[in-house]
Amino acid sequence: MSTKRRHFQRDHELMNTFLNLARRVGLLSILLCLSMPLLAAQYVLEWDPVDDPRVVNYRVYYGQTHRDYDQWVDVGNATTYTVQNLDPNTVYYFAVKADDGAGESSDFSNEVTSGSFRYVFGLGAYPNNDGQLELANMNKLFEQTLPAGWAEYNALSGATRIATGDIDGDGKHEIVIGFAKAGSGLPGGRFQILDDDFSHLAWGQVDWADYNSANGETRPAVGDVDGDGKAEIFIGLGAEGGGSLQIFSYAGGSLQSLGWTDINWPGQTWPAMGDIDGDGRAELVVGLGTGGTFLIKKGFDKTLLAAGQDPWQTELQGDLSWPEYAAQVGETRPALGDLNGDGTQEIAIGLAPYGGGYVEVFDYRLSSILSMAKLTVGWSQYNDFNGETRLAIGDVDGDQRGEIIAGLGEGGGGYAELFEDAGSGFANAANLMGPFGSSAYLSSNGALWPAFKLERVSSTGGEPITATGYWLDVLKTGTGSGTVGGGGYYAAGTTVTPTATAASGSTFAGWSPSSCGSSFSLNADTACTATFTTAPVNYTLTVTKTGTGSGTVGGGGTYVAGTTVTPTATAASGSTFGGWSPSSCGSSFSLNANTTCTATFTAAPVSTVQYALTVKTTGSGTLKSSPAGIDCSGCSANYTSGTKVTLTPVPGSGFAFTGWSGACSGAGACSVTMSSDLTVTANFRKSK
């Protein structure tokens, strides 16, 4: 072998060695440091050393474009380097090569970016070698296009649904790609996992052959449901999915199925994951295909799952505040993120086509799901044409409050709407994000499925944020009923006024605390509780009379329900009491309804028997009667039996009345009741 050939072979082997070693020039971390506020940034790069004695130098490359570096520096055998005096508002890309000092070097290492996150957009169906993901850096600038790793599917449809999360616990997000219905004999139920550096990590497939052949759609969500620092993967299913989801974990370099979970709702499922109660473990939120409803599963128990049982302790239901959409379309697509910086994640619900560009935000409060805000995409033409909203949430401005990223559906031109966080009132951003995708794709479909990909946990930590809004919870208690109002999420310092209105049959008893009884400034989460008591139920007893006679009745009035009442009836002279109607009024009873008791009085029969009243006098004088009949000093008159007759003495001149004898006696008034013939004598004596 010639010397020249030996040199060529040695150099070729050296190049192959460096190319193989390139995989080990891996950047382990990139730390952000700011020198003077917002004036300059420096980035600390670290990488693994290459175990080869020929390596004498590492060259650090960087630039402002993905895989296009216009700056480099040799750092010798050091495995860390700090790049200084860079613009803190610019996104940079870094990579490393190893070399032997004689002109031979490895390929580039994996690339890292100064951006703390990326936007990832899955594209919709476009049968022209599609199946692509569009990536934008944290400044919303296009960065690169990634094809899904399934060429046959890409050529037929290419629709990709994206979820991100840290499935291996390294603080950086992996990407899970779900696929639409494949068709044309392709295997269904598949999904792909890309590592945080976008390299292929694993393939997965739903363990349900019948579903995979009938439909095969996969809709991924990622979240740490067991609190071990590594997120699980939940795969929701399309039509024919029967309300089922399969759960996977990535451990030991492989994907493993943990089992299945189901919801009490048949049909398709749109899953999302997030910690809504601050316990450090993600809950499962499932959007449904009908009804405007979404379900929340809390309290995951891996032991129950392994035993083939329902792994959730609690299920709650949320409902959209748009009944027309709920009745006519009803599909709900959730996303989760901490929108107000309170340490728990809120739920944003996107809608299907004909959703009018609508988004509704909910919060988990006091074991209930409360509507927090209602938003609309700021593009009226799109809202009228399609109105579909596909959501993701992430903190895009570093204030520890998430923003809502709403990818638009077909006809959306490759755009996404960005809604500000709760501190900014969920205002629409000044401009739509995009467009993303080729011009041919934008004109033929233009839909985006967004995701927020965290590149690393921030090393700067950040200052504690000041809450920009608070909840007013208006509750009610007590034995009565009524309505309360005024509750909701308000900007800090807003003047709020809780309201309470008692229902019929109830009374409002007051507020707890009493300060809720008037308007106040809301500067903390506050609960106001209205007490309603049952008002006493009153009934009326009406006592009336009827008949030919007369008399008096009593006992009527208004009484508290259950009071014992006793109607009364007394006949007048010449009348008799004939009884009660109804007869139950004849004795005491408990009053439990408005009641009328009627007493009947009957006039006594008129007597035809006559008796004679005879009057006499001694001395000089006369007598007069009432009723009339007597006006004499000695005579008689007949009166009907029972008649009361009163006699009045009238002395003659020079005489005085001295008293009665006969039927009357004494010197007082004389009245007799005729029940027989009677005689009365008036005595007069001459005056002295």
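Trainee: How many bridges are there between strand E8 and E30, and in which sense do they pair?

Mentor: In this predicted model, strand E8, which covers residues 117-123, pairs with E30 in the antiparallel sense over 7 bridges. Within that pairing, Tyr 119 stands opposite Phe 452 in E30.

Trainee: Which strands are in the open sheet, and in what order?

Mentor: The sheet has 4 strands in the order E4-E3-E6-E7, with antiparallel pairing. Strand E4 (71-74) and strand E7 (112-113) stand at the edges with a single partner strand each, so one side of each is left without a neighbour in the sheet. Strand E3, residues 57-63, is joined to strand E6, residues 93-99, by 7 bridges, and Tyr 58 has Ala 98 in E6 as its bridge partner.

Trainee: Changing topic, how many residues does the largest nonpolar core have?

Mentor: That core has 20 residues, and those with the most contacts inside it include Val 361, Leu 375, Phe 419 and Phe 426. The elements that give two or more residues to this core are strands E25 (358-365), E26 (368-376), E27 (389-394) and E28 (403-408).

Trainee: What does Phe 419 touch?

Mentor: Leaving aside residues up to four places away in sequence, Phe 419 touches, among others, Val 359, Leu 375, Ile 404, Ala 406 and Phe 426.

Trainee: How many disulfides does the structure hold?

Mentor: It holds 4, and when the bonded cysteines are numbered in sequence order, the pairing is 1-2, 3-4, 5-6, 7-8. One of them joins Cys 516 to Cys 528, with an S to S distance of 2.0 Å. Cys 516 lies in the loop between strands E36 (506-512) and E37 (520-521), while Cys 528 is in strand E38, 12 residues apart.

Trainee: Is the disulfide of Cys 516 and Cys 528 left-handed or right-handed?

Mentor: The torsion about its S-S bond is about -75 degrees, so the disulfide is left-handed. For Cys 664 and Cys 670, however, the torsion is about 70 degrees, so that disulfide is right-handed.

Technical notes:
Residues are numbered from 1 along each chain as its sequence is written. This is a predicted model: local features need pLDDT of at least 70, side-chain atom pairs count only at pLDDT 80 or more; totals for chains, interfaces and linings use all residues. Side-chain values use heavy atoms; hydrogens and water are left out. Two strands pair if DSSP finds at least two bridges between them. A nonpolar core is a set of buried Ala, Val, Leu, Ile, Met, Phe, Trp, Tyr and Cys residues joined through side-chain atoms within 4.5 Å. Buried means under 20% relative accessible area, exposed over 50%, partly exposed in between (1.4 Å probe, protein chains only). Contact means heavy atoms within 4.5 Å. A disulfide is a pair of cysteine sulfur atoms within 2.5 Å.
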